[in-house]
Every structure is written in C-alpha cells, then in structure tokens.
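Please look over the sequence and the model shown here before reading on. The briefing that follows treats two topics in turn.

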Amino acid sequence: MPAEYEILNLAKTPLPLGVVDKVDADLDTRLNNRFLDLRKEEIFTIFRVRNVVLRKARAFLQDAGFEEVNTPKIVAAGAEGGSTLFTLDYFGKPAYLAQSSQLYKQTLMASGFDRVFEIAPAFRAEESDTVRHIAEFTSLDVEMSFANSSEDVMNVLDAMICQILASLDAEMGDEIREMNPDFKAPEGNLRKITFAEAKEMLAGAGKNLEGDLDTEAEKVLGQIIKEKFDEDIYFITDFPSELKLGTFYARRVDDNPELTGYFDMDYRGQEIVSGGMREHRYDILIKQMEEAGLDPGAFDFYLKTFQYGMPPHGGFGLGIERLVQMILNLSNIRECVLFPRDMHRLEP
RNA sequence: GCCCCGGUAGUGUAGUGGCCUAUCAUGGAGCCCUGUCGAGGCUCCGACGUGGAUUCAAAUUCCGCCCGGGGCGCCA
C-alpha cells in the first residue's frame, strides 16, 4: 500500500475500455485502445515474457559465437516470389518491404561472417486472415557457415529453444502457468520425426495426406506427439523437394534429391521455425530458381556472391510471435504484438 | 481470396415483425451502508453499424456497403 498519493492527471470518463472492469472486452476493442489495454497486468505480462524470450535468444546466440547484424528492410527482390511482397515507391523506383532476411544473411556467409543472427521485422502481404498470421512480424534469423548437415543447424536451434524455455521457467514460470497451466520447459534433445514418419503417424490416426501437411494435419500431429510422448516441441525433417520448390535456396540431399534437408519446428501443432541447409553451388541454385519460376536476373546481387567462394551453410527463421503465442497458449497471435498489423488493421 | 457466423448503452450481452420510449451485467454520476482491501443497497445516465427495400408496423425480414469473429488455403 502506498503511504501517500498525488493526483497528477484526471482521466476522462467514461473509459473507452475498462481496465479493472469485471467484463472482458473483445480483442478488437482492446487493440483499438491498446494504451489502456496494456495497463492490465496480465496483458503486460505477455510482453515481459516476450522480452525475456528475446533477451535469452540474444544471450544464447552471442555465447554461441553468432554476431548480431541488421540487413535492409527496403529491398528490390523478395526471397519467395512477388505475391507476398508489399510494394512501395522508392524515389520513383519500385521497391518492396523485405519478407525475410534470407538473401542478405546468406550474402554475409560469403563475407566471412561465419555465424550471424538478426532479430527484425518481416513483412508479408499474404492474404492470410487467421489467428496465427500478421502482416508484420518479428523474425529471428540465424545463418551459419560450414554447417555439414541440417543436423548441425537443428542442434543450434534445439539448444537455443531449450535454453530460452528453461530460463523463462526459472524467471517467470509461475506467471506463465497462470496463463498456460500446461507450460513446461523441454529437457533438451527435441524429438525429430521425418516427414514420411509424420505421414505414417497421421495415417494411423485416420488422416491420409496427399501433399504437404495442411493445417488440420499439423494440429493432429501435435496431438499425437503430445499423447504418445507428452512432448510439445518437435522437428519435422526431410521434407520432399517437390514440396519446397518455391524455396529455391533449399539444398537437396546429395544422394537423394527427392528430399531436402529442410525441417520445420512445431510447437503443439503450430509451425514456429523453418530452416535447413542452403544450396551454395551457383549452377544448382540457378537451376532451382528457374524451377521455382523465378528470373535469376532479378537476383543479381544475391547470385554474384555465390561465384567467389561461398561456404556450405544453413540456418533457420523463427517467428518470435508464434513462439510467444504457443508458450502462453494465446488464442490470437495479435495478443503478443503491441500494435499488430494485419490485413485490416493499420492503426493504432 | 473462399466458406460460415455476427454487428444493440463506454464495455460485454438479452431481445426473430407490433408486448421495446429495448434485458441483464459492467462502467460513470450521486446518495446510503460499512474497519477495509475488484464489499453491499438504492437512484439516475447511457445503445439498436450504414444506405435502400418490404410492411399499417422492423432491433427483429430482404439486398448492397462497411466493420468484426471463426475456419480454410498459405506460411513465421
């Protein structure tokens, strides 16, 4: 209890949003009045958790010899074709908002930055109107040279996630469990299942897959793993190359080009990371770009770097909001963004 | 972008053609009560997204638009 208090400012009434009301407000109403919404302790806690996640991720990566970098967010070409790019007028020239740091962090691999990471916004003009998509999200990108296999990349990610969650549990475990009673930090050595195994597990549950994992399949797989192993976080590895054609920079398995070394990390059926070994051989990269229907000419700056000594390398991209959403079991990803941007929301 | 659902006081809701000058809760204003800490009682305040249409009569039916919710495709 305060010994004394002084009124510095009187609030106008009525409030656009109750801060201590017994009635909950809709998320939309709350976001429209976010400055008041954030005064609620349980809402503020979400951002304290987010802060710890970012702090621990940085600490882990710095300790593991990764250097933090910043790459441009105004770019001339995207990593995955044009459909998800926001366009803008750059001094009279067409330009885009970066949908990922992919091309630049790979470029750095040819520059002697053997291990880099970046935590920065990524922009997607996807018409994805769901509780797990936003148009501007925070991407944690990691890239490392001289990785020999996807395993090397997964090991870094595995250790990072486990350290983040263990630290979170130690610092804020009780508060987190008030929001998500089932929160539990994994022991380490996260489970890896191949895409083919996932397909079998799903078939066993009566869900037969035609092509890639769809949303329902991902959720069911999350439930299966939870029931069978009581685990929340796992890798899905060895994606078929035909499912990753758009990801032209993915390296395929040398003795089995039907497969990529690409992996996803899923958290209770929600994809939070995607990564793998990158194709570092110029000729093959060009070929894969053409297969993806892209014009190599538009990627000159990127392709050039592969012609003067590019080490084999790999990395991953992690969606910070997706991770926080799953840690706290938030029903909507917008809950863990201060001022979210989506198809319909541009302010506040 | 596609499918389904919805838009009623500051906030969350009830209300499917006349009984609605619209319910309840929360909130605000005020009075009362009370050794308290999101206590209780009473009074008051405050709303039918928007534009058309049907009808003697529309919050309630129909159409357009805007906005929101859920799901899907796709992905971080």
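Strand 12 gives the largest share of the surface near RNA strand B, namely 4 residues, where strands (E, at least two residues) and helices (H or I, at least four) are DSSP runs numbered from the N terminus. This is a predicted model, in which local features need pLDDT of at least 70 and side-chain atom pairs count only at pLDDT 80 or more, while totals for chains, interfaces and linings use all residues. Residues are numbered from 1 along each chain as its sequence is written, chains are lettered from A in the order in which they are written, and side-chain values use heavy atoms, without hydrogens and water.

**Surface near RNA strand B**

- RNA strand B is surrounded by 37 residues, the closest being Leu15, Thr29, Glu127, Thr215 and Arg322, and a residue counts as near if one of its heavy atoms lies within 4 Å.
- Of the RNA strand B atoms within 4 Å of the protein, 57% belong to sugar or phosphate, and the rest belong to bases.

**Helix 3 and helix 10**

- The axes of helix 3 (residues 41–63) and helix 10 (residues 320–328) come within 10 Å and cross at roughly 125°, the axes being lines fitted to C-alpha atoms over the stretch in contact, with angles from 0 to 180 degrees between N-to-C directions.
- Helix 3 and helix 10 are therefore oblique to each other, since angles under 35 degrees count as roughly parallel, over 145 as roughly antiparallel, 65 to 115 as roughly perpendicular and the rest as oblique.
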